[in-house]
Amino acid sequence: MRCLSCGASFNIDQKLIVCPICGGLLEIINEFQDINKNSLKGRGVWRYKELIPGNYKKIVSLNEGNTPLINSKNYENLYLKFEGLNPTGSFKDRGMTVAISSAYSLGYKIVVAASTGNTAASASAYSARAGLKTLLFLPKGKVAKGKMFQSILHGAVIVEVDGSFDNAMSRVRKLFNEDKDIYPVNSFNPWRLEGQKTIAYEIYEDIGSPDFVIVPTGNAGNIYAIWKGFKELENLGIIDKMPKMIAVQAEGASPIADFINKNQNEMKFVENPETVATAIRIGKPVNYMKAIKAIKDSKGTALKVSDDEILYAQIYLAREEGIGVEPASASTMAAYKKLLDNGYIDKKDRVVLILTGHALKDPNIMVNTEIHSVSQDNIEILINKLKI
Ligand SMILES: *Cc1c(COP(=O)(O)O)cnc(C)c1O
Ligand SMILES: [Zn+2]
């Protein structure tokens, strides 16, 4: 394990979450020599257990992963990785199965997370299955209904924090520093990313190494995890070309996109992040150093899209492709269209969009604003219209 801030190295130790010297982010450096193809058994995250370090007394799993890679109907070389089909409806389950298995194996009884919603839902379900308790810090009034419901349903203890996700995250950081009996399952926990990297392995098994992977980026753990998965395949000699990693952020919460595009020396965090895409409404991405590494190493880029573009893309995916995703996930489709328009991506390039979360997570905006039904007195007029 190596610290991204001070460069110190440590032997692989499942107990290590952050650098014991400076508190920086740790990378788990796997030096796999070879992979025994016969070890690839079953489906989902644990199919790749030979590539997931750590000792696990028990694997706490809900059969996460193994999500479909759906070829777009309208764009021949576009593929949609539908992570909304995970057990709690987002890719967070891939990381949570590893983090909760670690917590259980290390003897923890309580896990803690700050969340915009999906980490909360996932942690609540997996720790319920493991018999652990879940403590959540959530930004008050800012968590989508479906996600809040899941956390309550699975029995988490919820603390609502004033301000944004970033305020909730600092509560977790503080607790983590003060109380060593509580295990943090946010994505600064590098073990979670070992589960999320399996997105790359699955894409590879379906279509090989694509030209671009577009990832909605909030705390920025996932873009790094997917890059890491491909990097390990490259180091193993299984692929000879890395996909370019593209981070997409919402206009009101775009510190990484601004850092990349404005050539800033230091990242300028966003104090009051705002966007309809609640899962990426994050102003201080905890994993920004990892995201920058993934983008730069793969020669990718970052961009921002507006809320209108996101909602338009959500409707496109739902009404043209038949795939229901939450707004954060739709940002990838908005980005794809933008990058086709400005020529960064060609129609011939093979592109994968990571559709991170299910539509049912976040029904508020559409139910509240779309005109979605007609009065029962007008049924005949309506049917005549449909027949045209
Ligand atoms: C967590 C999440 C993201 C952002 O992932 P990061 O690893 O924080 O960048 C994007 N979309 C959805 C639906 C999420 O739940
Ligand atoms: Zn350090």
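## Cavities

Which helix supplies the largest share of the lining of the largest cavity? The answer is H7, with 3 residues. The model discussed here is predicted.

The structure holds 2 cavities of 30 Å³ or more. The largest cavity contains about 310 Å³ of space, and 28 residues line this cavity. Phe91, Lys92, Gly218, Asn219 and Ala279 are the lining residues closest to its centre. Four helices each give at least two residues to this lining: H2 (118–130), H4 (165–178), H5 (190–196) and H7 (221–235). Sorted by class, the lining of the largest cavity consists of 14 polar, 11 nonpolar and 3 charged residues.

## The second cavity

The second largest cavity has a volume of about 50 Å³. Its lining is made of Thr116, Pro139, Lys142, Ser164, Phe165, Thr278 and Arg281. By class, 3 of these residues are polar, 2 are nonpolar and 2 are charged. Pro139 falls in strand E6, which covers residues 133–139, and Phe165 falls in helix H4, which covers residues 165–178.

## The four-stranded sheet

An open sheet is built from 4 strands in the order E7-E6-E5-E8, and the pairing is parallel. Which strands stand at the edges of this sheet? They are E7 (157–161) and E8 (182–184). Each of these two strands has a single partner strand, so one side of each has no neighbour in the sheet. From one strand to the next, the twist averages 25°.

Within this sheet, E6 and E7 run parallel and are joined by 5 bridges. In this pair of strands, Pro139 stands opposite Val161 in E7. Pro139 is also one of the residues that line the second largest cavity.

## Helices on this sheet

Helix H3 (residues 145–153) lies across E6 and E7. The direction of H3 is at about 140° to E7. Helix H4 also packs on the sheet, where H4 touches E5 (110–114), E6, E7 and E8. The direction of H4 makes about 140° with that of E6. H4 has a part in the largest cavity as well, as one of the helices that supply at least two residues of its lining.

## Salt bridges

The structure holds 19 salt bridges. One of them is formed by the side chains of Lys147 and Glu326, with a distance of 2.7 Å from N to O. Why does this pair tie together parts that are 179 residues apart in sequence? The reason is that Lys147 lies in helix H3, whereas Glu326 lies in the loop between helix H10 (307–321) and helix H11 (327–341). H3 is the helix described above as lying across E6 and E7.

## The six-stranded sheet

Another open sheet has 6 strands, in the order E3-E4-E12-E9-E10-E11. The pairing here is mixed. Strands of a sheet pair through backbone hydrogen bonds, and the pairing is either parallel or antiparallel. The edge strands are E3 (69–71) and E11 (301–305), and each of them pairs on one side only. The twist of this sheet averages 25° from one strand to the next.

One pair in this sheet is E4 (residues 78–82) with E12 (residues 351–355). These two strands run parallel, and 5 bridges join them. In this pair, Leu80 stands opposite Leu353 in E12.

Conventions. Residues numbered from 1 in each chain as written. Chains lettered and ligands numbered in written order. Predicted model: local features only at pLDDT ≥ 70, side-chain atom pairs only at ≥ 80, totals over all residues. Heavy atoms only, no water. 1 Å grid on protein atoms, 1.4 Å probe; cavity = no way out; pocket = protein on both sides within 12 Å on 5 of 7 lines; lining within 4 Å. Points joined across faces, edges and corners; volume = space filled by probe spheres on them. Nonpolar A, V, L, I, M, F, W, Y, C, P; charged D, E, K, R; others polar. Pairing = 2+ DSSP bridges. Axes fitted to C-alpha atoms, helices over the stretch in contact; angles between N-to-C directions. Contact = heavy atoms within 4.5 Å. Salt bridge = Lys/Arg side-chain N within 4 Å of Asp/Glu carboxyl O.
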